[in-house]
Amino acid sequence: MDTVHREYLHPLWVRVWHWLNAALFFALAVSGFSLHFSGSAVQLLPFRTAILVHNASGALFTIALILYVILLGITGEWRQYLGLRPRMLTLVGQNLRFYLIDVFKGAPHPESPTRTQKFNALQQVTYLFVLVIGMVPVAITGVMLSVPETAPKQILGAGGIWPVAVLHTLLAYGLVAFFVGHVYLTTMGPTLWSDIKSMFTGWHERVHGQADIQPQEQGDTP
Amino acid sequence: MSGIAFVLLLLGSAQADTILSRGSSNEWCWRCHGMATFSVLRADGTIRTLSADSTAFLASNHRRLRCVTCHSWEDVQVFPHGKNAHMAQTCTDCHVAESHPLNRTDPLQAMHFREITDEFRKSVHYQTEDHAFSCFSCHDPHRFRKSENPSLQTIGTQNGVCLGCHGDAARFAMLSERRIDLSAKHAWLPRREMHWEHVRCLDCHTSYAPPNLSHNILPADSAVHACEQCHRQNSILLDKLYRYRHVEERSRNGFVNAALVNDSYVIGSTRNRYLDLLGAVLVGGACVGVAGHGFGRWHSARKKRK
């Protein structure tokens with residue numbers, strides 16, 4: 001008989017930040033699209049509404065991000081992003097192989113989440129990059145566009161706002177692409193909805209003997 | 001006392017002689033009119049300034065003109081000058097003449113003074129003030145420079161012309177019974193000061209109807225109020241504020257360079273097609289990848305079930 005193993009992965013503050021972030025991200029994407037493509041045939045929000053929504057959501061997003069980074073430091077959760085693990089590159093390779101090949105064969109996931117290591121190696125690298133070269137820069141450039149006095153006057157001889165705006169837009173495109181993949185990958189837990197459910201409850205449920213394999217059960221080669 | 005008057009009379013005579021002998025030399029005019037405080041007290045107690053900024057004049061488009069090209073020689077050569085010495089000609093005396101060298105055939109270089117005159121006569125200034133309003137109410141021929149690429153400095157200078165009356169409550173009160181509060185009138189405008197710094201008053205307050213030469217000043221309630229008129233890919237600013245800039249920059253730097261080096265940013269308008277293409281590839285690629293992956297999972301699960 002299969003046993004259900006429950007692991008508490010996501011503390012309340014992480015869950016609150018996550019869903020607040022998700023809502024703000026959606027609002028920013030919709031309003032940002034409306035601003036960038038204003039005057040187009042497809043207008044999701046009127047320009048003035050989009051300005052208000054984008055500014056308010058952007059301010060909340062930035063405050064929430066600062067609080068999140070502070071709490072990562074205070075609680076030690078930063079190790080989820082920066083904690084080194086043995087054979088990191090091999091594990092990243094194993095996860096990539098799983099998502100690109102093995103999943104179609106019904107193979108089990110190469111890693112299972114634990115309280116101290118809830119991200120698999122690929123997730124850890126991806127989320128670190130998304131946080132450091134995605135969310136933080138998009139917030140900084142957003143602040144620069146909201147308060148243009150904080151933007152550089154000139155970059156490489158050209159006006160400073162334009163490059164900041166280009167970078168902000170590029171990062172936004174990248175984050176939307178990540179968002180699409182992120183939402184899709186939530187369906188790759190033990191069941192279709194289990195990852196979404198765990199982000200509400202904090203508990204990750206894993207059925208022994210069905211899918212997940214503990215890291216110590218793996219061999220050295222994928 | 002009479003002795004002093006005699007000396008002044010002698011000086012005046014000497015001055016008149018010199019003006020006559022020097023004739024058209026601008027330098028001689030600047031000796032008096034270049035003094036910043038050179039002015040006379042009118043009978044009604046107001047001060048009439050008779051000075052002009054020689055530095056600004058030498059930087060203006062009119063710098064090669066002699067003073068007497070525009071100021072009546074008949075009135076200038078006597079001292080004190082005759083009543084009409086200050087204004088013997090107007091802009092259109094030179095600029096609408098078909099033979100004038102400035103009336104070129106290149107549509108971007110042509111001076112369009114006939115069309116400008118037509119626009120001006122439709123403007124709220126001319127309609128309400130009629131003949132009290134002239135070219136010189138806004139344009140000082142002693143410092144006039146052709147519009148250049150819209151830099152913050154040139155935008156500020158041009159807006160300064162409007163603010164000379166509309167931003168000066170005391171001066172505006174002399175022109176109109178209305179009271180004006182620019183801050184309150186523009187309270188609806190997001191980031192009001194930034195708009196004022198980066199866009200000319202003319203860009204919202206003049207007609208865009210052809211020939212669109214920014215001289216048909218509209219009543220305040222007909223000004224541009226819809227954000228999307230500027231904040232869109234085909235921004236109306238491209239037909240006014242950036243009208244010359246894009247063409248000039250493209251001819252100088254090439255299209256791609258002009259797009260890359262363009263230091264202005266207007267939300268919704270400053271789009272780079274390559275950036276949007278890259279965005280479409282990123283987001284579209286993610287969607288296609290996810291759809292393909294999802295289909296693959298569904299297909300393999302189905303096969304497994306069979």
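The face of helix α4 of chain A that is turned away from its buried side carries the exposed residues Leu89(A) and Leu100(A), where exposed means that 12 or fewer other C-beta atoms, placed from the backbone, lie within 10 Å of the residue's own, and buried that 20 or more do. This is a predicted model, in which local features need pLDDT of at least 70 and side-chain atom pairs count only at pLDDT 80 or more, while totals for chains, interfaces and linings use all residues. Residues are numbered from 1 along each chain as its sequence is written, and chains are lettered from A and ligands numbered from 1 in the order in which they are written.

The buried residues of α4(A) are Leu91(A), Gln94(A), Asn95(A) and Phe98(A). Seen down the helix axis, they fall within an arc of 95°, so they line one face of α4(A); the arc is taken over the directions from the axis to the C-beta atoms. Among what covers these buried residues is α5 (121-146) of chain A.

Helices here are DSSP runs of H or I with at least four residues, and strands are runs of E with at least two, numbered from the N terminus. Chain A has seven helices and four strands, and 27% of its 222 residues are buried.

Contact with chain B involves 26 residues of chain A and 30 of chain B, two residues being in contact if their C-beta atoms, placed from the backbone, lie within 7 Å. The elements giving two or more residues to this side of chain A are tabulated below.

| Element of chain A | Residues |
|---|---|
| α1 | 12-36 |
| α2 | 47-75 |
| β3 | 158-159 |
| α6 | 161-185 |

The most is given by α6(A), with 13 residues.
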